[in-house]
Amino acid sequence: MSIVPVNRRAFIKSSTGLAAGLVLSPALIGRAEAATLKLKCSSSLPNDPKFANGRVYYDNLVKNLKANGLGEQVEVAFFPDNQLGQEIDVINSVKLGVIDLMVSGSSISANLVPLVGTYDLGFLFSSFPQQTKAFDAGAAKPIEDALLKGSNIRIIAWAYNFGSRSVLARKPVKTPEDLAGLKIRTLPNPVITECLRLMGAAATPLAFGEIYTALQAGVLDGLEHDPPTILASKFFETAKFYALTQHNFSPLAIYFSDTTYNRMDPKLREGFLDAAKKAAADTRTHGLAVEKEALSALTEKGVTVAECDREAFKKRVAPQIENFMKARPESKAVIDIIRATQA
């Protein structure tokens with residue numbers, strides 16, 4: 001298992017060269033089939049073993065592969081910090097089978113299959129444990145089926161982002177009026193962008209890898225994200241007020257290319273998927289524990305963490321769910337299950 005510091009151009013060049021070599025050498029193909037299966041796993045977050053969900057998942061995956069006796073049969077190379085490109089590029093590479101695994105929120109795949117955007121609706125979930133119960137009750141399968149059919153991507157398992165998403169800004173935010181005119185970064189996702197707009201912000205979609213410099217340059221007044229990500233990515237260096245809006249409990253997805261799935265030996269695949277699902281469960285446990293620690297660390301670094309008028313924000317966003325169901329009637333069954341599930 002390895003964590004690979006490599007730039008995207010070098011990765012593409014080496015992958016192209018390898019592909020050419022395999023085409024030219026049948027003998028090499030024979031040896032490759034018997035060799036260790038090598039997979040690539042991407043994350044946009046920094047290489048932080050405590051506060052970055054991608055690295056935490058990767059470490060848990062390595063641990064569980066070894067426990068399943070697959071440590072020598074499967075080698076996973078981990079590429080953190082956007083090494084393989086921005087998330088929209090990576091999710092398309094997973095779709096094409098160029099990248100095998102991706103650890104990211106559900107939101108990025110809504111760009112490929114809009115139904116996934118159901119999970120991005122503001123104030124839909126009340127907590128991560130409630131989310132898991134809803135998924136177990138049937139709220140996950142329609143989304144998983146749509147993603148596989150529409151983009152050739154499987155969901156191995158669902159984990160948690162390390163805390164709910166709240167607003168970090170350059171000034172205190174307690175009410176929707178306080179957000180007025182503030183350029184708040186959102187994911188390049190229309191549902192989350194609309195949620196922040198309804199909350200009162202000048203919602204500004206931007207790739208994750210561009211956030212820090214945009215904050216430095218004053219292009220952004222803030223962003224919305226979970227506490228560990230804000231800590232690991234050092235966004236607190238340029239914005240010092242964190243309002244606990246908790247508008248989104250974004251599920252963390254373990255994306256797996258269907259192309260890779262189909263080329264794996266069935267017995268090896270079974271052991272790998274078992275390890276990958278156990279790693280997701282371990283990551284959920286870690287995520288729940290680390291959110292409070294990250295909030296304390298942010299406070300120590302000079303960030304003012306404060307409650308806000310969450311009900312006022314929730315009321316402003318309420319029409320979004322009804323409008324989404326009208327536009328995408330297939331989402332109603334999923335939303336009904338989530339609403340009916342208690343934590």
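Tutor: In this predicted model, helix α4 (residues 87-96) lies across β2, β4, β5 and β11, and its direction is at about 135 degrees to β4. Helices (H or I, at least four residues) and strands (E, at least two) are DSSP runs, numbered from the N terminus. Contact means heavy atoms within 4.5 Å. Axes are lines fitted to C-alpha atoms, for helices over the stretch in contact, with angles from 0 to 180 degrees between N-to-C directions. The model is predicted, with local features needing pLDDT of at least 70 and side-chain atom pairs pLDDT 80 or more, while totals for chains, interfaces and linings use all residues. Residues are numbered from 1 along each chain as its sequence is written, and side-chain values use heavy atoms, leaving out hydrogens and water.

Student: At what angle to β3 does helix α3 run?

Tutor: Helix α3 (residues 53-67) runs at about 170 degrees to β3, and lies across β1, β3, β4 (101-105) and β11 (251-257).

Student: What is the order of the strands in the open sheet?

Tutor: Two strands pair if DSSP finds at least two bridges between them. Here six strands form an open sheet in the order β1-β3-β2-β4-β11-β5, with mixed pairing. Its edge strands, β1 (2-3) and β5 (153-160), each pair on one side only. Inside the order, β2 (residues 37-42) and β3 (residues 74-79) pair in the parallel sense over six bridges, and L37 has V74 as its bridge partner in β3.

Student: How many disulfides are there?

Tutor: A disulfide is a pair of cysteine sulfur atoms within 2.5 Å, and the count here is zero. C195 is in no disulfide, since the nearest cysteine sulfur, that of C308, is 12 Å away.
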